[in-house]
Amino acid sequence: MLQAFLRVAATGSFSLAAVQLLLTQPAVSKRIAALESDLDVRLFERLGRRVLLTEAGRALLPKAQHIVREMQE
């Protein structure tokens, strides 16, 4: 879920994130929805095809980056 969050945040697009993660766009959307549900916050503002981080998303971003880095090491 965090990988999907980071890719969407970096690209500003669920579709582009899906391509980079080798997933379908609905699979990325489901991962983000699950993460938002788990955290009980909205992480992205969806403005048509544009996607922007909410305040909660901006707060999660450095933590998610740290967690993913730690998992990769």
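Residues are numbered from 1 along each chain as its sequence is written. In this predicted model, local features need pLDDT of at least 70 and side-chain atom pairs count only at pLDDT 80 or more, while totals for chains, interfaces and linings use all residues, and side-chain values use heavy atoms, with hydrogens and water left out.

The protein holds 4 helices and 2 strands, where helices (H or I, at least four residues) and strands (E, at least two) are DSSP runs numbered from the N terminus, and the elements run α-α-α-β-β-α from that end. Its C-alpha atoms fill a box of roughly 35 × 25 × 20 Å along the principal axes, and 29% of the 73 residues are buried, a term that means under 20% relative accessible area, with exposed over 50% and partly exposed in between (1.4 Å probe, protein chains only).

| Side of helix 3 | Residues |
|---|---|
| Buried | Val 28, Ile 32, Leu 35, Glu 36 |
| Turned away from the buried side, exposed | Lys 30, Ser 37, Asp 38 |

The buried residues of helix 3 fall within an arc of 100° seen down its axis, so they line one face of the helix; the arc is that of the directions from the helix axis to the C-beta atoms. These buried residues pack against helix 1 (2-11), helix 2 (14-21), strand 1 (44-47) and helix 4. After helix 3 comes Asp 40, with a positive phi near 55°.

Thr 54 lies in the loop between strand 2 (50-53) and helix 4 (55-72), and counts as buried because its relative accessibility is 10%.

Conventions: Contact means heavy atoms within 4.5 Å.
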